[in-house]
Amino acid sequence: MIRVAAYLPDGRTGPGRLAEVELEATVTGPAELTLPQLTVRDERGGELLDPTGPLVHDPAAGGGPLAGAAADQQARAFGITNTAYHIHRALHFATRLLGQPLPHLLVRIGVHNAPKRWGGGHYRLPGAATPAEPYDIAPTGEIHLGGGRTFLHGPAGAAGVAGPDGAARYFHVPAHNASIIYHEVGHHICRHTADFRVNRSRPQGEQHNGKVALDEGTADFLAAVLLGTPDIYGWHRGHIPQWDPRRRRLDPRWTMAYLRPGNGGQAHANGTIWASALWSARERVLTEGGNPDEFDRMLLNGLTRLGACEGPVAEERDRRNRFSELLRELASADATLAPTLLAAMADHGILPEGRNADLRERMQAGTDTAVVT
Ligand SMILES: [Zn+2]
């Protein structure tokens, strides 16, 4: 066990509450931590973690281009431990509910930073990808986090360093942002359960890296569960109105009427419909006195059921794309919760049969398109 620093989710807008936590981890390199299911490495190198010294580092407001070299090193070291804490927590959650561990996950921090800085995250399997990968991607999957690109500005007292006017400034590094970390672990969970792209039947080096709406939505929902808030991206997208799909808030009632046809670039917005319906269903289960673990277990078992079918690949790919199919698998995974689940999903226009376009048409014909309820 080592003692490290991490931000703990506190349900408020911001990075969370800074705390010291115990982690079952070993320092395995100058910028690398290894845990039982997980390796986290800052690919930019440098002597960030001293195995003989204290491993509790200061977030240093994200470090970045305006901070001194020492502050940037602190921020990067903190990014490693913070990432390890959150990924370990998410994997532990999944392992507990699935009853078995997921395959090993490698996390690379500070990648894809040239020619332009990168402030995002993605999940990668070995296969074609944009941007192209300079790494040999691990067949069990990798998360990549950029080194940060922009500053977040908050009111006086918000996380960050105070500028001359008192306002707070934080260099937004994904390794400091639990919502981005949890979303990407969500893709790892999806890959090894629902396997939406039927990658298990593709050659190991030719995995499909594209994400369908159900993959994105499930990843956002898992982030909301782990953060304890439906406003998952409130910290770095707080400037985007709540009703704007790019905010990806789960508590406006997004319905199938808002589904944008085709797969091109709409997966996140379309996924918000699925995430928002899951959030409504979970809230309803809780209101009725149900157990959140049982709901989350139903989801993970439903994902596993969706991915367990051995039909012809093209048919399976099509089937695993459908909101109705995944809903049916969830309902079959827990007969007790199924009535509440189906009722809540129906309010979002998600029914247990029909293609996605059929559900959209039915919802558009049957309702006006008021989204916020
Ligand atoms: Zn994603």
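Biologist: How do the residues of the lining of the largest cavity divide into nonpolar, polar and charged?
Modeller: In this predicted model, the lining of the largest cavity comprises four nonpolar, five polar and five charged residues. Asp, Glu, Lys and Arg are the residue types that count as charged.

Biologist: What makes this space a cavity, and what is the volume of the largest cavity?
Modeller: The term cavity applies because a 1.4 Å probe fits at its points but cannot get out. The largest cavity has a volume of about 100 Å³, and the structure holds one cavity of 30 Å³ or more. It is lined by 14 residues, of which Leu125, Arg191, Asn199, Lys211 and Asp215 are the closest to its centre.

Biologist: Which element gives the most to the lining of the largest cavity?
Modeller: Helix H2 does, with three residues.

Biologist: Which residues lie nearest the centre of the largest pocket?
Modeller: Gly120, Gly121, Arg237, Arg248 and His268 do, among 32 lining residues. The lining divides into seven nonpolar, 18 polar and seven charged residues.

Biologist: Which helices and which strand each supply at least two residues of the lining of the largest pocket?
Modeller: They are strand S7 (121–124) and the helices H2 (178–191), H4 (234–237) and H5 (267–287). Helix H2 gives the most to this lining, with five residues.

Biologist: From which domains does the lining of the largest pocket draw at least three residues each?
Modeller: Domain 1 (1–192) and domain 2 (232–373) each provide at least three residues of the lining.

Biologist: How do you know that H2 is largely enclosed by the rest of the structure?
Modeller: A residue is buried when its relative accessible area is under 20%. In H2, 14 of the 14 residues are buried, so the helix is largely enclosed by the rest of the structure.

Biologist: How do you know that the span of H2 agrees with what it should be at 1.5 Å a residue?
Modeller: The expected span is 1.5 Å times one less than the number of residues. For the 14 residues of H2 this should give 20 Å, and the end C-alpha atoms are 20 Å apart, which agrees.

Biologist: Which residues coordinate the zinc ion, and what makes their atoms donors?
Modeller: The zinc ion is coordinated by NE2 of His183, NE2 of His187 and OE of Glu216, at 2.1 to 2.2 Å. These atoms count as donors because the cut-off is 2.8 Å from the metal, and the distances are 2.1 to 2.2 Å. Along the chain, the donors follow the spacing H-x3-H-x28-E. His183 in helix H2 and Glu216 in helix H3 (residues 213–227) are 33 residues apart, and the pair links distant parts of the chain. Both His183 and Glu216 are buried.

Biologist: Why is Arg248 called buried?
Modeller: The relative accessible area of Arg248 is 7%, and buried means under 20%; Arg248 is therefore buried. Arg248 is found in the loop between H4 and H5. Its phi is near 55 degrees, a positive value in a residue other than glycine.

Biologist: Is His112 buried or exposed, and what is its phi?
Modeller: His112 is buried, because its relative accessible area is 17% and the cut-off for that term is under 20%. Its phi is positive, about 55 degrees, although His112 is not a glycine. The residue lies in the loop between S6 and S7.

Biologist: Why does Tyr135 count as partly exposed?
Modeller: Partly exposed covers the range between buried, under 20%, and exposed, over 50%. Tyr135 has a relative accessibility of 22%, and therefore counts as partly exposed. Tyr135 lies in the loop between S7 and S8.

Conventions: Residues are numbered from 1 along each chain as its sequence is written. This is a predicted model: local features need pLDDT of at least 70, side-chain atom pairs count only at pLDDT 80 or more; totals for chains, interfaces and linings use all residues. Side-chain values use heavy atoms; hydrogens and water are left out. On a 1 Å grid over the protein atoms alone, a cavity is a set of points where a 1.4 Å probe fits but cannot get out, and a pocket is an open set with protein on both sides within 12 Å along at least five of seven lines; lining residues have an atom within 4 Å of a point. Helices (H or I, at least four residues) and strands (E, at least two) are DSSP runs, numbered from the N terminus. Domain bounds come from an automatic or database domain assignment. Donors are N, O and S atoms within 2.8 Å of the metal (3.2 Å for Na, K and Ca); water is not among the atoms, so sites may look incomplete. Buried means under 20% relative accessible area, exposed over 50%, partly exposed in between (1.4 Å probe, protein chains only). Grid points are joined across faces, edges and corners, and a volume is the space filled by probe spheres set on the points.
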